[in-house]
Each structure stands twice: as C-alpha cells, then as structure tokens.
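Let's take a walk through this protein together.

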Amino acid sequence: MFVGGKNKKPANRMATAYLAYDCLHEILCGAAHLDATYMENNPDVSVVENDDDTWIRIGNHNSDPKLKPSKTDHFMYVGKPSNDDFTIGYEGCWDTTGITVMDNFIEVHFVTTNGDTISSGKNVGKGRTICVEPTCDSVSPTPSPSVSSNTPPSANPTKSCIEKWGSCEKDGSLSCCDGTTCTQVGESEFKCLDNCCACPPEELNSTFLRGLISDAPHKKL
C-alpha cells in the first residue's frame, strides 16, 4: 500500500494488505497494516480509527460499494504487539452478497495520524487501481459414459493458447487466450494478462504488485 495510492512510486510504499474470498458464502476478508520499516522511521504515526477512512472498495468509482467497519460484526483494529493501544492496522470480514467481487477492481484504504492517505492503488498521476480476479471452482457435471477408443489419449495434449494468469514466452511461441497479452511480471517471468491487471515492472518496480499477479488467484496487496 502506498501514500495517496501512488503505486508507480515504490518508495512511497508504507503498508501491506491481504485479501481472501469465500466463494461459497460470498464472504470477503481483508487486513491491512503499516510495514515494519515505516514504523521504525515513523515511531509516532499510527492508523486513524475512523469509519469514513477505513474501508475496502469493490469497484473503480466513488459510488461503488465500500466495506466499512460499521457494515460488519467481524472487524477489529490491530495494535502493536508491544502496545495494543497503538493502532497499526485493521482486519475484518464482510458479506458481499449482491456485490460483484469476481474480476473487479478493488482498493484497500486507511489514513494515518500524520494525515497520509494510504491506499493499495488509485487512478491518479502516479497510481493505478488494482484489478483482482478471484477464481471460484465450479461443480463439474458427472461425465456420461463414453465408448472406448483404440487410440490412447495423448499424455501431453497440445494447447491452442495460454489461459489468463498462465505462464507464457515473450517470443510469442504460443499466444495468450481471450485477448490477453504476454506481460512481464518478474525479472524473467511472463504471464498472460489483460489490460486491467497488467502492471509492467518497468513502471511498477514492486514485489507487492508482481506478487499480486504471480500469486493469483490468492492475492496479497
């Protein structure tokens, strides 16, 4: 998480957020806290406990739903291990029934006592909203009996294209599916991503964002 959501400037990073999504019950859990290095350099700065400043927004517009402390019974601010009254973050779970979480933008947000707005990413001059794609397993239908064939199945079936989030080669030896492009997400790692979730490391030199892509569908913000 970065000052003002300006995630194109890695030096602005000062916090970390985590997300988990329960597909069956449509429950989104999130946590955010100041990083240890930031706290060492700013020992008197804590997180403001305010319903209007502490939220996780699903979507890319101000009018989109914000998951706030007052909208759940499962929320708590988190203090330092050595001083529980000194707030360094929060954690909570929200019922997202009726909210489109799948393949959507998301922003994790809080404010510090020195007035800094801390965000996982905003559409500002030096920032970009993060797009996450939780993947929920669907129940597969029971396959119907089939007539046996004398031709054994291929041990390594040929793929026509690489699915989203899949590893790819920059030389284009096998194209990405569904309009996704082969995007560099690490020093020597490439994955098929769409424009929503692609965060080229030359612009976003951050393990935070590279991890967001490479660890899909489990997101660490």
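Find Ser119, which sits in strand E9 (residues 117-119) of this predicted model. Is Ser119 buried or exposed? Its relative accessible area is 0%, and anything under 20% counts as buried, so Ser119 is buried. Who are its neighbours? Leaving aside residues up to four places away in sequence, Ser119 touches Met1, Phe2, Gly5, Glu107, Val108 and His109. Its side chain also reaches the backbone nitrogen of Gly121, at 3.0 Å.

Now zoom out to the whole protein chain. You'll find two helices and 12 strands in it. Starting at the N terminus, the order is β-β-β-α-β-β-β-β-β-β-β-β-β-α. Of the 221 residues, 42% are buried. The chain exposes about 12400 Å², with carbon and sulfur atoms supplying 48% of that area. And if you take the contacts between residues at least 6 apart in sequence, 57% of them join residues at least 24 apart.

Next, look for the disulfides: the structure holds two. One of them joins Cys29 to Cys93, with 1.9 Å from S to S. This pair links distant parts of the chain, since Cys29 is in strand E3 (residues 27-34) and Cys93 is in strand E7 (residues 83-95), 64 residues apart. The torsion about their S-S bond is about 110°, so this disulfide is right-handed. Cys29 is partly exposed, at a relative accessible area of 24%, and Cys93 is partly exposed with 24% as well.

Another disulfide joins Cys168 to Cys182, with an S to S distance of 2.1 Å. Cys168 lies in the loop between strand E10 (130-132) and strand E11 (181-184), while Cys182 is in strand E11 itself, so this pair ties together parts that are 14 residues apart in sequence. The link of Cys168 and Cys182 is right-handed, with 100° about the S-S bond. Both Cys168 and Cys182 are buried.

Finally, how far can you trust the picture? The average pLDDT of the protein chain is 75, and 67% of the residues score at least 70. Over residues 144-149, pLDDT stays under 50, and the model has zero contacts there beyond four places in sequence. Residues 196-221 also stay under 50, but for them the model has 70 contacts beyond four places in sequence.

Definitions and conventions. Residues are numbered from 1 along each chain as its sequence is written. This is a predicted model: local features need pLDDT of at least 70, side-chain atom pairs count only at pLDDT 80 or more; totals for chains, interfaces and linings use all residues. Side-chain values use heavy atoms; hydrogens and water are left out. Helices (H or I, at least four residues) and strands (E, at least two) are DSSP runs, numbered from the N terminus. Buried means under 20% relative accessible area, exposed over 50%, partly exposed in between (1.4 Å probe, protein chains only). Contact means heavy atoms within 4.5 Å. Accessible areas come from the Shrake-Rupley method with a 1.4 Å probe; for residues, only the protein chains shown count as cover. A polar contact is a pair of N or O atoms within 3.5 Å; within protein, one must be able to donate a hydrogen and the other to accept it, and residues adjacent in sequence count only if both atoms are side-chain atoms. pLDDT is the predictor's confidence in each residue, from 0 to 100. A disulfide is a pair of cysteine sulfur atoms within 2.5 Å.
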